[in-house]
Amino acid sequence: MTAGNSLSIENGQIAGFTDSGVSVATSARVSIVASLMRWNGTAAAFSAGAAALVSDSRFLNNANGVAVLASTALTTSRVTVERCVASGNGEFGYYAQATNAISIAHLTITDSVASDNNNGIFAFAPVGAAQVHVSNSQVSGNQYGLAANQAGAPSVIRSWARRY
């Protein structure tokens, strides 16, 4: 999706795309609920200022699970993932990547699972800022569980727990 202001996917099954199952490259508001994405290049990719809520969904056996990308100047791509599973993905379960000096990729993950991926949760920012916040989630069976990589720009993974 490169134009438009909203996209909603509910109870969907998206499979077998060599690039991305879902690709949003515009400042749209996106909702993905109770959906299954498998056997894609990237299950779901959000960039160019997209804002998404992804809940109760599964990302299985893709090259990558959920990607938040910031490559457009002066934009913040922001994705919230709740109660989801990213498993068996060849490279990343969940990742945030900034490649423009004045852009931000922001990913919040709560009550979710990243298992049996090469990288469970990854933040990467050669320039710009990649921010990942993780709460009440399980990261297991990955080659690398939580990883942040940067070349002079802030790549941050923060973890917190709810207090009752």
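I began with the rule for pairing: two strands pair if DSSP finds at least two bridges between them, and a strand is a DSSP run of E of at least two residues, numbered from the N terminus. With that in hand I looked up strand E5 (residues 36–38) and strand E8 (residues 58–60), which pair in the parallel sense over three bridges, and I noted that arginine 38 stands opposite leucine 60 in E8.

I reminded myself that this is a predicted model, in which local features need pLDDT of at least 70 and side-chain atom pairs count only at pLDDT 80 or more, while totals for chains, interfaces and linings use all residues. Residues are numbered from 1 along each chain as its sequence is written, and side-chain values use heavy atoms, with hydrogens and water left out.

**The sheet of six strands**

I then traced an open sheet whose six strands come in the order E2-E5-E8-E11-E14-E17, with parallel pairing. Strand E2 (13–15) and strand E17 (138–140) each have a single partner strand, so one side of each is left without a neighbour in the sheet. On average, neighbouring strands here are turned by 5° against each other, direction ignored; the axes behind this angle are lines fitted to C-alpha atoms, and angles run from 0 to 180 degrees between N-to-C directions.

**Around strand E7**

Next I followed strand E7 (residues 51–55), which runs parallel to strand E4 (residues 29–33) and is joined to E4 by five bridges; valine 30 stands opposite alanine 52 in E7. E7 also pairs in the parallel sense with strand E10 (residues 76–82), over five bridges, and there the bridge partner of valine 54 is valine 81.

Is alanine 52 buried or exposed? Alanine 52 is buried, with a relative accessible area of 8%, where buried means under 20%, exposed over 50% and partly exposed in between (1.4 Å probe, protein chains only). Not counting residues up to four places away in sequence, alanine 52 touches Val30, Phe46, Arg78, Val79 and Thr80, a contact being heavy atoms within 4.5 Å. Alanine 52 and leucine 107 are 55 residues apart in sequence, and their C-alpha atoms are 9.6 Å apart in space.

I checked the loops on either side of the strand as well. Alanine 48, in the loop between strand E6 (42–47) and E7, has a positive phi near 60° although it is not a glycine, and alanine 48 is buried at 18%. Aspartate 56 lies in the loop between E7 and E8, has a positive phi of about 50°, and is partly exposed at 37% relative accessibility.

**Cores and rings**

I looked up the nonpolar cores, each a set of buried Ala, Val, Leu, Ile, Met, Phe, Trp, Tyr and Cys residues joined through side-chain atoms within 4.5 Å. The largest has 35 residues, and those with the most contacts inside it include Val54, Val81 and Leu107. A second, separate core of six residues includes Ala45, Phe92, Phe122 and Ala147.

How many aromatic pairs does a search of the whole structure find? I found three, counting rings of Phe, Tyr and Trp (its six-membered ring) whose centres lie within 6.5 Å, with planes under 30 degrees apart called stacked, over 60 edge-to-face and the rest tilted. Phenylalanine 122 and phenylalanine 124 form a stacked pair, 6.2 Å centre to centre with 20° between the planes. Phenylalanine 122 is buried at 12%, whereas phenylalanine 124 is partly exposed at 23%. Ring pairs link Phe92, Tyr95, Phe122 and Phe124 into a cluster.

Technical notes: Helices (H or I, at least four residues) and strands (E, at least two) are DSSP runs, numbered from the N terminus.
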